[in-house]
Amino acid sequence: MELRLASRGALSAAPPLSGCLSRHSLSPWLKIQNHIYPMPSLCYKVRTTAKCHASMATSYVRETSEVTDLDWENLGFGLIETDFMYVAKCGPDGIFSKGEVLPFGPIALSPSAGVLNYGQGLFEGLKAYRKADGSILLFRPEENAIRMISGAERMCMPAPTVEQFVDAVKQTVLANKRWVPPTGKGSLYIRPLLIGSGAVLGLAPAPEYSFIIFVSPVGNYFKEGLSPINLIVEEKFHRASPGGTGGVKTIGNYASVLRAQKVAKGKGYSDVLYLDAVHDKYLEEVSSCNIFVVKDNVISTPAIKGTILPGITRKSIIEVAQSKGFKVEERLVSVDELLNADEVFCTGTAVVVSPVGSVTYMGKRAEYGNQGVGVVSQQLYKSLTSLQMGNVEDWMGWTVQLNQ
């Protein structure tokens, strides 16, 4: 399949755009399967309709500028609409169709869609990085695929295979490759969604599911390198309970923490640390991040037991730490251990590693030395980000280089 820019002179011969994209303020022009589509400018929000259909093969050539003209130095961690998204559908047979890369824009959903009425929805998060030589790397995309499959089983949903998932991620990133920030300026955040898009009234699995991927360039989470956060231990609410869905990346898990997080930030804290729902004395998660406690050079983190999300950054940090000779324990970790730790840090896709400067529990504040940026978290952050960005040889075999 061919994907290349058409000259403006070819515009007169192009078929009508059928209302998919306005020709106003759009440049350059894109040719997909003999159809001409304008590329959105930075200030234009692309909109699509059901008449827009343009699939792409996994491998293609795109003759655009290497990098979009953005203010990369001041790029924050927020949504910037890019050019394309990926969409695949699945019917009652549980098999996803060959997906399409379409112009980014709104999707149509029935008010009775399963995701809107019964919460059948999962999402993932991963990143693409641009190396110094201009090539693009993905970091462990197969792990996200495996986690989505596990979550889909828990939520009574079909899921794309690992191969379908990874290929879809590759297609989406390559279609939006001009939005991957220059080396050291950030990353392309990738958001795969799996939702019950089919209409349903009675309490039942949706008759149709949609697998969607969109992307957004994001800046480095910390503008000045590692920056410690201040946590408050939540004493009233719980993020998850045994037998629930805390161990999968379902959309409902995150709605449940928004209020507590908002209250915490209103009081001057960065985020909320949750305790388990059984004993109220063992650590659970920091909203959507996993937590680690360091004492006497031993790294401890709550064990995965059905209420804690099996974070891919968490897993990677554990494996990197072990490769460097650290002892890592996955077990119940008490609040007392937290308050008496030498060092505390969190992990997640967005932050990678986030040092903790202080924790407040029942009015007692524990602070950690060196403004919260400990030696262990510094070392692990540098090691993992160097791997992710391709700054060192990938001795773990975790990165996937995209063929452009």
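In β19, alanine 366 is the bridge partner of valine 359. The model is predicted: local features need pLDDT of at least 70, side-chain atom pairs count only at pLDDT 80 or more, and totals for chains, interfaces and linings use all residues. Residues are numbered from 1 along each chain as its sequence is written, and side-chain values use heavy atoms, with hydrogens and water left out.

Strand β19 covers residues 364–367. Helices (H or I, at least four residues) and strands (E, at least two) are DSSP runs, numbered from the N terminus. β18 and β19 run antiparallel and are joined by 4 bridges. Two strands pair if DSSP finds at least two bridges between them. The hairpin of β18 and β19 has 2 residues between the strands, and methionine 362 there takes a positive phi near 50°.

β18 also pairs with β17 (residues 343–348), in the antiparallel sense, over 4 bridges. Here threonine 347 stands opposite valine 353 in β18. A hairpin of 3 residues joins β17 to β18. With β11, the pairing of β18 is parallel, again over 4 bridges. Isoleucine 232 has threonine 360 in β18 as its bridge partner.

Now the charged pairs. The structure holds 15 salt bridges. A salt bridge is a side-chain nitrogen of Lys or Arg within 4 Å of a carboxyl oxygen of Asp or Glu. In one of them, arginine 365 meets glutamate 367, with the closest N and O atoms 2.9 Å apart. Arginine 365 counts as partly exposed because its relative accessibility is 43%. Glutamate 367 is exposed, at 59% relative accessible area. Elsewhere, salt bridges that share partners join Arg140, Glu143, Lys315 and Glu319 into one network. Within it, glutamate 143 and arginine 140 come to 3.5 Å between their closest N and O atoms. Both of these residues, glutamate 143 and arginine 140, are buried.

Glutamate 285 and arginine 239 also form a salt bridge, at 3.5 Å from N to O. This pair links distant parts of the chain, 46 residues apart: glutamate 285 lies in strand β13 (residues 283–286), arginine 239 in the loop between β11 (229–233) and α4 (251–255). Glutamate 285 and arginine 239 are both buried.

Notes: Buried < 20%, exposed > 50% of the residue type's maximum accessible area, 1.4 Å probe, protein only.
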